[in-house]
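Colleague: Could you take me through how the helices pack in this model, pair by pair?

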Amino acid sequence: MQSSTHRVVNDLLAYEPHFHETNEVHEDVHKTLRDMGYYGLSIPEEFGGSPVDKVTLALVQLELARLPPQFWPSIRQAVGPVPQLLLQHGTPAQRDRWLPRIVAGGAVCLALTEPDAGSDLGAMRTTAVRNGDRWVLNGAKTYISNAERGDGFLVFAKTDTSKARDGVSAFFVDPGTPGFTISKPIRTMGFMTTGVYGLTFDDCQIPAESLLGEENRGFYYAVSGLNEARVNVGCVALGGSQIAYERALQYSKDRVTFGQPLASHQVLQHMLVDMAMEQHAARLLLLDAAWSLQHGVDVRLKCSYAKVFCSEAASRIADKALQIFGGAGYIKGMVVERVYRESRVTRIFEGANEIQRNMIAKQLLKM
Ligand SMILES: Cc1cc2nc3c(=O)[nH]c(=O)nc-3n(C[C@H](O)[C@H](O)[C@H](O)COP(=O)(O)OP(=O)(O)OC[C@H]3O[C@@H](n4cnc5c(N)ncnc54)[C@H](O)[C@@H]3O)c2cc1C
C-alpha cells in the first residue's frame with residue numbers, strides 16, 4: 001500500500017504547478033484520492049471503509065504528505081480523531097450517519113479552539129444548555145480547519161460552567177443549523193486553499209441526540225483523540241520534509257557552481273547527510289508511536305515524542321533544503337518554498353510543542 005501510494009502521489013505532484021498558479025486544487029486530485037479509497041482507512045468495512053493498522057496508516061500518510069497539504073485536507077480529517085471518537089463513544093445512529101459520509105469524502109471538522117482558549121482547553125467559554133429535547137449552543141470557535149467544506153462539526157462546549165475540564169461535552173452540529181455561522185477564511189501563512197475559519201453559535205439549537213458519549217466527558221475524549229492526531233501531524237511534517245530532501249538532493253547534483261555540482265562541496269554533503277539522518281530518526285520515532293497507538297502501550301508519551309521531534313526535525317530539514325536551492329528556494333512555486341512555509345504550523349497545532357513538552361515532563365517526573 002505504501003509503494004502504490006508513492007506512485008499515486010508522484011503522479012499527483014504533476015498538479016502542483018497548477019495549484020501554485022491558481023491557488024485551486026484540480027478536481028482530478030480529489031477524484032483520484034477518493035476513488036483510491038483513502039477516506040476509509042480508519043473506518044470499519046460495515047460502514048464502507050477499508051481499515052488498515054496504525055503503522056500502515058502512518059506509512060500511507062507519510063507518502064500523502066509529500067503532496068501540498070491542500071490536496072488532502074478531508075483525508076487528514078478522515079484519518080483523524082473523529083472516526084475513532086465515533087467508534088468509541090458514538091450511538092449507532094451517529095455512526096450510521098457520519099461514518100459512511102466520511103468514507104464518501106465528507107469532512108467532519110473538530111472544533112475545540114476558541115479565541116481565549118487554545119492550549120488551555122478547560123478555559124473554553126462556548127456553552128451548551130439543555131432545554132427540553134434540545135441543546136442550545138452559544139459562543140465562538142476559531143482556526144477551524146476546512147470548515148467551509150465541513151459536512152459536519154464536532155463542537156466542544158461547556159455543559160457545566162462551574163468546572164474546567166470536567167465540564168466539557170462534545171456535540172455534532174450540522175452546517176446550516178439556524179444560529180450557526182462560519183466566517184470568511186482567516187488568512188494564514190500556509191494551509192491556504194482549505195483555510196481556517198471562525199465559527200459562531202448564537203442560540204443555536206440542536207437535537208438532544210447530538211451529544212457524543214457522556215455529558216461532561218468531552219475534554220477526556222478530546223485528549224484521547226489528540227494522541228492519534230499527533231501521529232498524523234508527525235506524518236504531515238515528515239512527509240513534507242521528505243520531498244524537500246528529495247528535491248534538494250537532486251538539485252545538488254544538477255546545479256553547478258565554480259565548475260562543480262553543488263554536491264561536490266563537502267559542506268553541502270554534510271547538510272544532506274544531516275537531513276537524511278534526521279529524517280530517518282524521526283521516521284523511526286513516528287512508526288514506534290504508531291505501533292504504540294495500535295497496541296495501546298505508552299500511547300501519550302510516544303505520540304508526544306513523535307509530534308515534537310518530527311515537527312521540529314521537519315522544520316530543520318526544510319530550512320536546509322531551501323538553503324541548498326539558494327535564491328531559487330525562496331521563489332513561490334518551488335516545492336522547498338512550499339514545504340518551508342507549510343511545515344511551520346506543525347509545531348503549533350494539535351497541541352503546541354511547549355504543551356507536549358509539559359506533558360512529557362509530567363510523565364517523566366511523575367508529577
Ligand atoms: C493552520 C491551523 C489550523 C488549525 N486547525 C484547528 C482545528 O481544525 N480545530 C481546532 O480546534 N483548532 C485548530 N487550530 C488551533 C490550534 O490547535 C491552536 O492554535 C493551538 O492549540 C495553540 O493554541 P493558541 O493558538 O490559542 O495558543 P496559546 O494557547 O495562546 O499559546 C501561545 C504560545 O504559548 C505557549 N504556551 C501556552 N501555555 C503554555 C504553558 N503552560 N507552558 C508553556 N508554553 C505555553 C504555546 O505553546 C504557544 O507557543 C489550528 C491552528 C492553525 C494555526
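Predicted model: local features only at pLDDT ≥ 70, side-chain atom pairs only at ≥ 80, totals over all residues.

Colleague: How are the axes of H6 and H8 oriented to each other, roughly parallel, roughly antiparallel, roughly perpendicular or oblique?

Modeller: The axes of H6, residues 81-89, and H8, residues 218-254, come within 9 Å and cross at roughly 135°. Angles over 145 degrees would count as roughly antiparallel and those from 65 to 115 as roughly perpendicular. The orientation of H6 to H8 is therefore oblique.

Colleague: Which residues in H8 meet H6, and how many residues of the contact are charged?

Modeller: From H6 the contact draws on Pro81, Gln84, Leu85 and His89, and these meet Tyr221, Gly225, Leu226, Glu228 and Ala229 in H8. The residues of this contact divide into five nonpolar and three polar, while the number that is charged is one.

Colleague: What is the handedness of the crossing of H6 and H8?

Modeller: For this pair, whose axes cross at roughly 135°, the crossing is right-handed.

Colleague: How do H10 and H11 run relative to each other?

Modeller: H10, residues 299-325, packs with H11, residues 335-343, at an angle of about 150°, and their axes are 9 Å apart. Because angles over 145 degrees count as roughly antiparallel, the term for H10 and H11 is roughly antiparallel.

Colleague: How many residues of the contact of H10 with H11 are nonpolar?

Modeller: Ala314, Ser315, Ala318, Asp319, Ala321, Leu322 and Phe325 in H10 meet Val336, Glu337, Val339, Tyr340 and Ser343 in H11, where H10 passes H11 in a left-handed crossing. Of the residues in this contact two are polar and two charged, and the number that is nonpolar is eight.

Methods
Residues numbered from 1 in each chain as written. Axes fitted to C-alpha atoms, helices over the stretch in contact; angles between N-to-C directions. Helix = DSSP H or I, 4+ residues; strand = E, 2+ residues; numbered from the N terminus. Parallel < 35°, antiparallel > 145°, perpendicular 65-115°, else oblique. Left-handed = near helix turned anticlockwise from the far one by under 90°. Contact = placed C-beta atoms within 7 Å. Nonpolar A, V, L, I, M, F, W, Y, C, P; charged D, E, K, R; others polar.
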